[in-house]
Amino acid sequence: MIKVENLSYGFPAKDLYKDISFTLEADTHAAVIGSNGTGKSTLANIIMNPDDYLYDGKVIKDENCRVGYASQFSTRDKLSDRTVFDFLSQRFMENQEKIAAVCEEMATAEDMDEVFGRYQALLDLNEAMDGDNYESNIRKQLYIVGMTELEETKLSDISGGEYKILQIMREMLLTPNVLILDEPDVFLDFANLNSLCKLINEYKGTMMVITHNRYLLNHCFNKILHIENCDLQEYDGCYSEYRCAQLNEKLEIKIKSIEDEEEIQRTEEMVEILRDRATLMVNPTIGRSVNAKQTQLDRLLARQIKAPFIEVREPQIVLPDVETGEERPVLTISDYKVSYDKNLLEDVNFELMAGEKVAIVGANGTGKTTLVRDILNGCNPSIKIDENVKVACLSQLQGETMEFDRTVYQVMQDADFGGETAIKAHLAKYCLEWVDINQKVGELSVGEQNLLQLAMVSKSDADMLVLDEPSSHLDIYAQMALEKAISEYKGTVLLVSHDFYLIANCADYVLFIEDNTIRRMRARTFRKMVYDKYFDSSYLELDRKKQELETDIAIAFKKNRLETVRKLLNQLMAL
């Protein structure tokens, strides 16, 4: 369907790809993964609109290839008084209206060939979209994702997560030859994530999906496209198989590296001996030997370059170093309520104690972000924060906490990060070493903006963090680094998230939104509820074991215990 050959592209301050190649065959479901800022969304844009970019190489599409696209940003339709069914059927209706208009035009047209050509093109499009059966196809899709009861519901009355699923569904119904989804899972609750998983697996066409979601990666794809350090690795198989292959390759490279280091040491010693001899006597044979050994040493050193997909770029996320002090309530909420056209939250009462890490969890559209904003604004009489507590926040809407029209250098200098050298060193810790500090914040990728927010939080002395969807748009390794940082942080955390792994690994307990109010729930009870209601408990247990094994493998690699790595890797492959 699509073939990319020797593609090279970049910006003045940063190269994204150097001679990358891959193929998207018919019916392939490919996941695009890679560190934040490696150019995943840009690659999707180049495939969709190649004429808008100046690149080297080729992007080859089949002659009749139609590419569909759903953005990572979910913008509510302006005509929100339309029903869900009207929204999904809009493009089918528009095409049928065009067909009817061309039929009327035929009665008076002078150039019948031109009109008939347009008529045939519209008929071909209607057939490609299965337009004659669009009503039954829409209802089938709604049934698959459990949204049948929303058919006659107005768009204004559905949640943001439901709307995002409907946007993806609308693109799928048009049956493009290739469908590109850019981070379709961001901000989705557990129910909508499950719906998305079903939609992807039921889709019969070719897909290219940019995602960092571990659940989707383990359930939905038969091809992996991994972008890292300007290169791309193409792997036919699921993500788990690819990850095992990566680690196995790393083991072989590590073994070879140790052998090379020993050979380099021997060669360096031999070069020094030959040089000493050459200084004592003039002998052309010794001179040639020195040059030959030096050439051999240069080749060995060059071969030590790390493969771009083997060494993981994991950011060093560090949260403020604070002490919790005495046990006391740092946040008290009494009789809080939120209502717009309808009640979202009411009778909300809870206390957050110093040092606690608590997750607020609920379906899309239940008022979580509104509650967070009211906490931060400090204007609601139902919300009280201890006057001695210093609060820092990270928002899912980066524009609320950072000024997009200012440069990275300006916002970091204002936060007292020091001069240019210190700022660049700090950015490097967060895997943002490629960022031009004179670049505007709004020009960074969304994942890079999130990492920049975390870097800014690290500089504060806040003993309470309010984190609204902090793992959104972060790559897998940044997500894991964030989990570790939150676990090690000694201050208080109020976390709003749909990321099951982040909640399960970091929260002391959960504040669960249900029936328009919030109730406290033990973390263990929450995990069991999620297992039973949304996911396969055997999968989650299996995935937990895989993560533990990968952690043990990483530790063994650092200690050069390669035989231990091999044994653990065999266990991982068996799982």
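Two strands are taken to pair if DSSP finds at least two bridges between them, and the strands (E, at least two residues) and helices (H or I, at least four residues) are themselves DSSP runs, numbered from the N terminus. The structure is a predicted model, in which local features need pLDDT of at least 70 and side-chain atom pairs count only at pLDDT 80 or more, whereas totals for chains, interfaces and linings use all residues. Residues are numbered from 1 along each chain as its sequence is written, and side-chain values use heavy atoms, with hydrogens and water left out.

Strands of a sheet pair through backbone hydrogen bonds, either parallel or antiparallel. Under the pairing rule, β1 and β2 are joined in the antiparallel sense over seven bridges, and a hairpin of two residues connects β1 to β2. Strand β1, which covers residues 2-11, also pairs with β4, again in the antiparallel sense, over five bridges. Together the three strands make an open sheet in the order β2-β1-β4, with antiparallel pairing. Because β2 (14-24) and β4 (56-61) stand at the edges and each has a single partner strand, one side of each is left without a neighbour in the sheet. Neighbouring strands of this sheet are turned against each other by 20° on average, direction ignored; angles are taken between N-to-C directions and run from 0 to 180 degrees, the axes being lines fitted to C-alpha atoms, for helices over the stretch in contact.

For Lys3, the bridge partner in β4 is Ile60. Helix α1 (residues 40-48) lies across β1, β2 and β4 and runs at about 60° to β2, where contact means heavy atoms within 4.5 Å.

A second open sheet contains six strands in the order β14-β15-β16-β12-β17-β18, and the pairing here is mixed. Its edges are formed by β14 (391-394) and β18 (517-522), each with a single partner strand, so one side of each is left without a neighbour in the sheet. The twist from one strand to the next averages 20°. Within this sheet, strand β12 (residues 357-361) and strand β16 (residues 492-496) pair in the parallel sense over four bridges, and Val358 has Leu494 as its bridge partner in β16.

The packing of several helices was examined next. Two packed helices are described by the angle between their axes and the distance between the axes. The axes of helix α2 (residues 84-106) and helix α5 (residues 160-173) come within 9 Å and cross at roughly 30°. This makes α2 roughly parallel to α5, since angles under 35 degrees count as roughly parallel, over 145 as roughly antiparallel, 65 to 115 as roughly perpendicular and the rest as oblique.

By class, the contact of α2 with α5 has eight nonpolar, two polar and three charged residues; Ala, Val, Leu, Ile, Met, Phe, Trp, Tyr, Cys and Pro count as nonpolar, Asp, Glu, Lys and Arg as charged, and the others, Gly among them, as polar. Glu171 forms a salt bridge with Arg91, with the closest N and O atoms 3.0 Å apart. This pair links distant parts of the chain, as Glu171 lies in helix α5 and Arg91 in helix α2, 80 residues apart. A salt bridge is defined as a side-chain nitrogen of Lys or Arg within 4 Å of a carboxyl oxygen of Asp or Glu, and by this rule the count comes to 20 salt bridges.

The axes of α2 and helix α3 (residues 112-128) come within 10 Å and cross at roughly 160°, which makes α2 roughly antiparallel to α3, and the crossing is left-handed. By class, the contact of α2 with α3 has 11 nonpolar, three polar and three charged residues. Helix α5 packs against helix α6 (residues 190-202) at an angle of about 10°, with the axes 10 Å apart, and α5 and α6 are therefore roughly parallel to each other.

Definitions and conventions: Left-handed = near helix turned anticlockwise from the far one by under 90°.
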